[in-house]
Amino acid sequence: MMTRLFSRLTLVTLLLSPMTLAQDDLASWEQAYNQVLASDEQRALAMLQDRYNALSPSIEKLYVSSKIHGFMILRGQPYHGNQIPHQEEYSRLEQTFISALNSEEHLKFGAAKQGYLTLLRHAMETNNLNGKILFEYHLCRSLNRQGQFHKAALYCSSLNTHLDDSRHSTLPKYLALRVIANNQEYLGNYQSALKAYQEYLAIIPSHVDPSGVYNDASLLLKNLGNLPLAKEYANIALKLRSDSKSELLLAQTHHSMGDILLSAQDYESAIHHFEQSRRTLVKYNHVYGLTYALLGLGKANIALQSYDVGNAFLLEALENASIQGNDQIRGDIYLTLSEAYQKQSMHIRAEDFANNALSLADAIGSAPLKGDALKSLSNIAEAQKQYQRALQYHQAYVTAEISKRDKQHQSAYLALGTAQREYIQQLQQSDLMEKNEQLADELNEYKSLFHIFAFGCAALIGLLIFSSYSRKRALNVAELDAVTGAKNRASTIRDIKLLPKISDSRLKHLVILLDLDDFKQINDLYGHPTGDKALRKVAEAIKSQCTARDLFGRLGGEEFVVVMTKVDELDVADRVEQLHNSISTAYFQSESRQKLNVTASMAYLATSKPLSDFDELYSILDQALYQVKQTGKNRTIDAFNEPIYLESSAYAPVQT
């Protein structure tokens with residue numbers, strides 16, 4: 001683990017020194033390099049080395065060094081950077097950077113993150129904007145690769161902010177936009193991802209190979225359900241990459257095509273493309289990509305009922321994923337294994353893998369994985385004629401599915417248009433209703449075994465199926481947080497996104513994200529019953545500042561969101577301050593009758609625009625709130641009018 005800190009003064013001199021070549025010529029050099037690379041690899045490598053040698057110690061020199069690393073790795077050759085005489089400080093920087101790149105290549109993500117954070121922390125200390133952009137880019141990309149998408153979002157968002165601040169970024173902006181779009185897509189923010197891809201396409205230089213964008217867009221289209229267009233884009237990427245000399249990039253697109261064909265239930269063709277990808281990845285010992293190829297082969301073979309073959313692929317993939325610490329793919333593998341054993345009527349093993357997926361979902365806070373695991377457990381219990389458990393799992397699944405759909409797919413519905421959105425929702429509701437009807441019939445058959453539970457089940461099923469009014473009423477109750485009486489996360493975000501544009505330019509939607517300060521201490525010192533009292537008292541204080549048309553929801557834990565509608569722009573600051581004071585002066589008693597209160601940190605913004613893009617607004621507010629929490633707490637911040645930057649603590653070394 002790296003412990004040595006470079007001299008701040010030396011680093012300032014190093015990174016801010018003039019470059020031998022003007023920065024403005026970087027774009028034209030990149031164009032010339034890419035044109036040569038397409039026809040003569042040896043000349044292209046010579047161009048990289050000449051550029052590197054001509055540059056003074058700088059961020060650009062580090063960037064060119066990383067390009068040399070990428071050139072060598074794609075051709076199966078190791079690269080460990082340079083030791084430059086009389087440039088010891090720069091050499092240490094480069095060694096840190098190349099070592100991090102090599103660690104990532106060998107799936108040692110912790111060591112890679114350690115190196116990137118060390119470099120980023122120094123870029124922060126020296127206020128080197130190009131350094132921040134370069135190393136935030138690598139953190140965003142690396143954490144995306146590891147499946148830690150929410151952690152990646154922290155750096156992707158900060159990267160986006162710094163790109164806006166930079167007039168001439170050493171790192172090409174289109175590269176940064178691609179990893180930002182990837183992260184937004186992984187998080188289900190499809191509308192934001194589409195915008196980022198559109199901006200990418202608008203600025204990508206003509207000499208840059210566009211196959212990566214076609215590959216990424218094909219997967220986004222698959223997620224949106226447009227399989228024909230997804231296949232068309234993947235075929236374009238295959239054609240472009242077949243004509244190139246990068247086997248690894250071609251393997252990536254073979255995997256993408258396999259994934260699309262898997263969704264289209266063309267399993268034989270999917271196996272062909274997954275196998276093409278696997279062969280290349282084995283050749284280059286590319287374990288990260290190989291894990292996904294093995295998962296694809298496992299899924300396709302299971303679908304064709306080749307269970308022994310499929311299970312062997314899946315177990316090998318699981319071993320690789322465990323080594324990498326990639327929780328997202330581990331969850332997918334668990335569910336696929338559960339499905340495989342369920343199809344073979346091996347219910348105990350199926351349940352074990354589904355429970356593994358559920359535990360993992362809780363550990364990493366993945367709503368999609370949790371919903372899928374609960375659905376699998378419901379199906380397993382039903383197959384074992386354990387109908388009471390099946391219904392319980394299914395009820396939990398319905399709640400998780402509503403939350404997942406609202407959190408991850410609302411942007412996709414907006415992009416697809418109102419008609420298609422309603423059609424998808426009808427299909428989902430129909431599927432859930434059909435499932436409840438089936439469970440109702442089976443419960444009636446076995447009611448003698450479950451007579452104590454029968455009345456509750458019948459009442460619930462009656463609410464869900466036979467009475468539209470009662471169903472709406474039950475859903476309204478289910479949308480409330482049990483402790484505070486506020487709306488829960490899913491229903492709050494759904495209702496916020498429905499708020500329209502305010503036509504009067506003087507009036508605003510005032511959106512406030514707040515987090516209670518040091519709330520864990522209340523639970524630790526006084527117990528959870530007192531913690532619940534605190535939450536209820538805070539909720540009362542918030543409601544006292546809201547009108548009937550305002551929205552108030554609990555997003556989870558001690559985080560809340562408030563939307564005050566039609567607020568005069570001159571009153572925005574006063575309304576925020578009143579809410580802030582109302583919370584801090586809301587006293588409650590502990591179980592031992594001790595008088596207590598809590599404070600809150602708040603981030604807010606005011607806009608007259610519709611709030612359909614709340615996912616993007618939430619990201620802005622969340623970054624602002626993080627900044628407040630890191631710099632004193634019990635404060636408010638205007639997320640639109642104050643620049644949001646990560647504090648240096650966000651770049652602290654990884655603790656090992």
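Lysine 61 sits over the face of tyrosine 90, 5.9 Å from the ring centre. Here a charge counts as over a ring if NZ of Lys or CZ of Arg is within 6 Å of the ring centre and within 35 degrees of the ring normal. Arginine 489 is placed over the face of tyrosine 618, also with 5.9 Å to the ring centre.

A word on the source before going on: this is a predicted model, in which local features need pLDDT of at least 70 and side-chain atom pairs count only at pLDDT 80 or more, while totals for chains, interfaces and linings use all residues. Residues are numbered from 1 along each chain as its sequence is written, and side-chain values use heavy atoms, with hydrogens and water left out.

**The chain as a whole**

The protein chain holds 28 helices and 7 strands; these are DSSP runs numbered from the N terminus, with helices being H or I of at least four residues and strands E of at least two. Of its 656 residues, 50% count as buried. Buried means under 20% relative accessible area, exposed means over 50%, and partly exposed lies in between (1.4 Å probe, protein chains only). The chain exposes about 30300 Å², and carbon and sulfur atoms supply 51% of that area. Accessible areas come from the Shrake-Rupley method with a 1.4 Å probe, and for residues only the protein chains shown count as cover. Among contacts with a separation of 6 or more, 64% are between residues 24 or more positions apart, a contact being heavy atoms within 4.5 Å.

**Aromatic pairs**

A pair of aromatic rings is described by the distance of the centres and the angle of the planes. Rings of Phe, Tyr and Trp (its six-membered ring) pair if their centres lie within 6.5 Å; planes under 30 degrees apart count as stacked, over 60 as edge-to-face and the rest as tilted. By this rule there are 10 aromatic pairs. Tryptophan 29 and tyrosine 33 are stacked, because their ring centres are 5.5 Å apart and their planes are at 10 degrees. Both residues belong to helix α2 (residues 26-37), 4 residues apart, or about one turn of the helix, and both tryptophan 29 and tyrosine 33 are buried.

Phenylalanine 109 and tyrosine 288 give an edge-to-face pair, with 6.4 Å centre to centre and 70 degrees between the planes. Since phenylalanine 109 is in helix α6 (residues 109-125) and tyrosine 288 in helix α15 (residues 287-303), the pair ties together parts that are 179 residues apart in sequence. Phenylalanine 109 is buried at a relative accessible area of 3%, and tyrosine 288 is buried at 13%. Ring pairs link Phe109, Tyr288 and Tyr292 into a cluster.

**Nonpolar cores**

In soluble globular proteins, nonpolar side chains tend to be buried together. A nonpolar core is a set of buried Ala, Val, Leu, Ile, Met, Phe, Trp, Tyr and Cys residues joined through side-chain atoms within 4.5 Å. The largest one has 53 residues, and Ile333 and Leu337 have the most contacts inside it. Leaving aside residues up to four places away in sequence, leucine 337 touches Asn311, Leu314, Leu315, Leu318 and Phe353. Apart from this core lies another of 47 residues, including Leu48, Leu62, Cys156 and Leu171.

**Salt bridges**

A salt bridge is a side-chain nitrogen of Lys or Arg within 4 Å of a carboxyl oxygen of Asp or Glu. The count by this rule is 27 salt bridges. Some examples follow.

| Salt bridge | N to O distance |
|---|---|
| Arginine 389 and glutamate 351 | 2.7 Å |
| Lysine 629 and aspartate 515 | 2.9 Å |
| Lysine 520 and aspartate 524 | 2.7 Å |

Arginine 389 lies in helix α20 (residues 387-416) and glutamate 351 in helix α18 (residues 347-364), so their pair ties together parts 38 residues apart in sequence. Arginine 389 is partly exposed, at 29% relative accessible area, whereas glutamate 351 counts as buried at 16%.

The pair of lysine 629, in helix α28 (residues 614-630), and aspartate 515, in strand β1 (residues 507-516), links distant parts of the chain, 114 residues apart. Aspartate 515 is buried, with a relative accessible area of 15%.

Lysine 520 and aspartate 524 both lie in helix α25 (residues 519-526), 4 residues apart, about one turn of the helix, and both are exposed. Salt bridges that share partners also join Glu104, Arg141 and Arg145 into one network.
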